[in-house]
Each structure stands twice: as C-alpha cells, then as structure tokens.
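Hi everyone, thanks for making time today. Let me bring the structure up on the screen, and then we can walk through it together.

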Amino acid sequence: MENMKGISRRTVLRAGAVVAAGAGGFVPTRFAIGNTAKVKVGFLLPYSGTYAGLGEAVTNGFKLALEERGGKLGGRDIQFIAVDDESNPAKGPENTNKLVTGENVDFVVGPVHSGVAMGMVKVVRETGTITVIANAGAGAATGPLCAPNIFRTSFTNWQTAYPMAKVAAERGMKNVVTMSWKYAAGEEAVAGFEQGFTKAGGKIAKQILVPFPQEEFQANLTEIAALKPDGVFVFFAGSGALKFVKDYAAAGLKSIPLMGPGFLTDGVLKEQGAAAEGVLTTLHYADALDTSENKAFRGAYRKAFSKEADVYAVQGYDAGQLLFQGMGTVKGDSAAKADLIAAMETAVIKSPRGTFTLSKAHNPVQDIYLRQVKGGQEVVLGVAEKALADPAIGCKMG
Amino acid sequence: MDFWFFLIQVLNGVQYGLLLFLVASGLTLIFGIMGIINLAHGAFYMLGAYLAYWLARTTGSLSAAVLLSLPIAAAIGYAIEALLVRTLYRRDHLDQVLLTYGLILIFNEATRMTWGADVHGVPVPEALNWSIKLTDTLSYPAYRLMLSGVCAVLAVGMYLVISRTRFGMWVRAGASNRDMVAALGINVKLLFGVVFAIGAALAGLAGAISTPITSVAPGMGDSVLILCFVVVVIGGVGSIKGAFLGAMLIGLADTFGKVFVPDFASFTVYGVMAAVLLWKPRGLFA
C-alpha cells in the first residue's frame, strides 16, 4: 500500500508538471513573454564534406543580412542553432527533427543538397515550421510537395536551365547533345533545357547520363565528337564541373559551344583556366552584376568575412531578408503564423541578384542572366529570361 | 564513325585501365602480399594529389611536385605501418578494416583542414599541353598518352622487380611464410614496412600524376578505392599480372558500358566482377 501510494503521488506530480509545462508552452509567446523571448533560427546546412564551403557561405550571407538590419527579427533578439546536415539525405529527417522538435526552432534555413531538402520537407510539412530553402534546387519542394510554410530564396533546377534553350535556338543551334550525372538535379536541369529547346524547334541529338559522381568522361566525349552536334548542354557542379570543362577542351571539342547552368563555372572558374573560355551559362546571379545593390553587398561581405561572396551567399542573404520582412510585418509575433506566411508571400526582396518576388508556390520569380567566360572572367551578356517563374507542376497551393 | 569510333573507345578503355592499374598496383601489393585490407589506400591517392597540387603551386613545376610528393607519401606510409598497422598482422581482417577506415576519415578531415574544402585543379604542364588530332572533331590530349606510357612502364617494372630480383623474392617469401623468412635472417619487420611504404607511394604517385586530368577535392580517393578493390579481386589477390589484366578489363567494361548500355553504366563494372568470380572464384591469377 505504502508503495502504491508513493507511486500514485509521484504520478500525479509528474502529470501536474506536464500540464504546467504544456500550459507554459501555450501562453507566453503572445502575452507573458511577448516580444522579448529570442527568436530561434535553425540552420540545416553542410558544415563538413564537399559542400562545407557552400554551407558556410549561406550562413554568412544570412547573418550579414540581419546584422545590416540591426541584428533583430521583428524587434526580437536572435538565437542561431546550427546542425551539420553532412549532405546526407538519409539523415535529412533526423537532423531536421533535431532542430524542429529538439530545439523547437521558429524557423529552419537550409539545405544545400536536394536529397536533404526532400527529407527536411517531409518533416516540416508535418510540423508546420516556417522553412526557407537557401539552395537546394529540387523542383518537388515547390512542386508536388509545396506547402504554405515552405519558402525558397534560391532557384529550381528547371529555372537555371530552361532559359538556355532560347539562347541556343537564337544562336542557330538545331542539334544539341545534353549530358549530366544521373541524379535528380542533373536530370531536372537537362529536362528543363530539352523542354525549351524542342519547343523552339530544336532537336536533342542524344541525352547522355553518367553515374553520379563518376568523373571519367572520355568515352562520352568521344561520343559527342562523333555526333558532331551544334552545341552541348551539360549540368555539372563542383569537382565534376572543373574536370568536365577541362576534359572537353583537351578533347578538342571547343569548336562546339558548351552551355549549362551557372554551376558549371561558378567557384571553379579560376581552376578551369583557359579551358573555360567561351563557356555560356545561365543563372539567377553573376558575381559581376553591375548594380548598386550587388556592389554594396559584395563590399560588405568582403569586409565582414574577408572573402568574395558567391551565389550561395546571396541566397543566404535573401533568406535573411525574407524572414526580416515577414517578422517585421507581424512585429515579432512568430506565433501568428498565418499573418507571417502572408507577409512573406508578398515580400519584395531587393536582392543583390535584382529585385524578386515569390510565386504562388513560394519560389523566386526572378531574372535569369546569360553569362559567358571571356578573358578568364564571367561576363554578363544580358538577361536570358525576364521574371521567370518555375511552372511548379503538381503544386496545389494558391 | 563505326570502326574508328570503336577503335578510339578501345583506346579510351585501355588508357583508363592503365590509370586504374597504377592505383590498384599498390593495393595489390599491400592487400595481396601482406594480407592487410588497406581501406586507406584511396586516402594515399588523395594525399598524393593534394601534395602535387600544393607543391606545384609553390615550386611552379608539376614534375618537381610529383617527384617531391613521392618520398613524402612513402614516409607517411612507412610511419603508419610502423605505428599502427604492424600491431594488426596477427589479428582479424575486421580489425584492419576498422583501423584503415578510421584513417580515411582522419585523412579526409586533415586535408580539409589543411587545404580547405574547395575544389582545385592543376594545369597541364606546357610541354605536354598539346593534343593529337584523331578525327576532325576529336583530339587526344598528349598528357593522357604520356600518363598511359608511365603506367605501362611501371607495370613492366613492377612485374620484373617482384619476379626477378632478390628483393622481390623476399617479398614473395615473406608473404607465404614470414616466420621461415625471419628464421633465415631477413628483417621481416623492415621488409613489410618498406612494402607498405612502396604501396602508399604508388597510390600517391597515381594521385599526383593524374592531377592535371582530375579534380583535387576532399574525398576524391573514396570512389577510386572501390574500383581498386574490384580490380584486385578480379585479378586475384596479390598478383601484379592479375591486377594489370583486371584493370584493363574494368577500363574497357566501363568505357563500353557507358557508350552501349548507358542505363546500366553504373553496374557494368560489377557485372564483369560477378561474371569473373563465378567463373574463377579466386580471381584470374590466384
């Protein structure tokens, strides 16, 4: 009896504590603590491995945007919590949960890798946590899996590739070979180009997909040489981009124009050297954009982190701007989700890439620039497509 | 197209195979002769590439960089054998896997801390920065041909050293019965240390001389490692001749797989391995 009593008393106490904690969780945001509690921003980004540099750039850009605006979100101080997503899709849901459930963050900013984004989207669709994708270009996140609480300040793979089709057609190309790694980002980009190019009356001579992340391209370069197309459109990034552009030039294929989304040269241009000369790319940003916003941003970034800003830093910077505007409108009341989402949906972001708004699927409606490597520099030739919105096929929102 | 196309693809395959052989030869020495499963072999490949990149930057000459990175890779290999691997000869293969896997993580992180996470490239040396015109649209870079030549010379050299010299005899004897060799007055500890160092140096050399045609990045050794094991297993553990044929087979299978059955390109290599092992479960020359 003694024993039972003890247990039951403890149980009651525990239950009381839970109720108190639950109530405590409910009340304060609006009344007791109001606008004084810190806003928790969780970074789900790679801080180790191949993409570590990209994760760092997004983080830097985000923090710079807020520091320039007084270091607060809607008048509240900010607490940053960073989780290394290791660019590991298998750990995507688990790492997202660490932030969303474990740390109970108000916002998630992330990731670089599309596979991680897919895992993250699954979790935040359930929890309703407001999330800003600052790089991953997987179409599905603002397509079939779109949700009111999911935003993106980067691009879709389709957006970076589709405008090149028009450029290719205008330059008189009729027959183009496409090539990429066989994985989501590459296949989405290649499909975007092919869709536009066939619509413009062009023909895809061959689509070549190589296993990811293999970098032995010699066999396929031989194929391209034998097909003698008018142009070659490829999606490669990072070390694969560096190697492909060098191999392409070494194989004597430079007489055939090489095109691709901007990741083909961004970040590896210096290492590619003369091999990159003449390569045509499309992207929503270019380091050399001659606008006062871009120059101010690049100067501030250089001063703060003593290195050059890149497209990833811009995307992080704009994620910071988006949250700043949203939280400003609701005066820091992050619990007023519907109002917050509405404010973010209608935000106008004065980005270093140029001003953009968000589509109904919450993806940037943005200008895509045509760039070309000339004399070892990325030169902006102009706008390939003005205010381009992702078709967001499968998104039932809006 | 057809005949020439086929011939050029054969050249691609052989060229790729020779490169694979160069990396795999060090592994077959260590794995086959010393019986150590060295997962860190790919890390030595990466180390060689990073050393060459770094030294080429500081000295301004790739050949100097390659020559300098060789002894460094060998010395690191020797130190790892003496300090870590030596304690594991009489232990289970799984313990070796654990140790060398740990080494991969340490090497990857150490290179990232030293040289950063950025992707690097090394320009082709001026003297070899030309190409041979094969068809009106395709040329073959001279550097790749030179690389194939180096690999072929090394293949013959290794075969001769292992089968014809006294040192080669010690190595073979030490592999089959180390106690007996020790009883005959040969310093087996030193011998194995030297073999391990040579294996590491070969991997480092492969990494170093392939820098102009590859990208230097953290983790670059990981994919190479898997192919090396495939080559060694096909060829038969410990056989230099086997590793050579295995590398050729894989080089050709990969090349033609990509061209003729692109949908299965990621499996062709493993398909060939499975077929060889069904036919000869111990590899071609074991």
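Before we look at anything, one term: I call a residue buried if 20 or more other C-beta atoms lie within 10 Å of its own, with the C-beta atoms placed from the backbone. Please also keep in mind that this is a predicted model.

Let's begin with that term and a helix of chain B. How many of the residues of α10(B) are buried? The count is 16 of its 21, so by that cut-off of 20 or more C-beta atoms the helix is mostly covered. From its first C-alpha to its last, α10(B) reaches 30 Å, close to the 30 Å expected at 1.5 Å a residue.

Now step over to chain A, where you can find 12 helices and 14 strands. Chain A is as compact as a globular protein of its length, because its radius of gyration is 23 Å, close to the 21 Å that the globule rule gives for 398 residues. Its C-alpha trace spans about 90 × 50 × 40 Å along the principal axes. Of the 398 residues in chain A, 54% count as buried. Looking at contacts in chain A with a separation of 6 or more, 71% come from residues 24 or more positions apart.

Finally, where do the two chains meet? The contact takes 32 residues from chain A and 32 residues from chain B. On the chain B side, the elements that each supply at least two residues include β1 (131-133), β2 (139-141) and our helix α10 (240-260). Which element of chain B gives the most to that side? That is α1(B), with 5 residues. By class, the chain B side has 14 nonpolar, 14 polar and 4 charged residues.

Terms used. Residues numbered from 1 in each chain as written. Chains lettered and ligands numbered in written order. Predicted model: local features only at pLDDT ≥ 70, side-chain atom pairs only at ≥ 80, totals over all residues. Helix = DSSP H or I, 4+ residues; strand = E, 2+ residues; numbered from the N terminus. Rg over C-alpha atoms; globule rule 2.2 N^0.38 Å. Buried ≥ 20, exposed ≤ 12 C-beta atoms within 10 Å, placed from the backbone. Contact = placed C-beta atoms within 7 Å. Nonpolar A, V, L, I, M, F, W, Y, C, P; charged D, E, K, R; others polar. Expected span 1.5 Å × (residues − 1).
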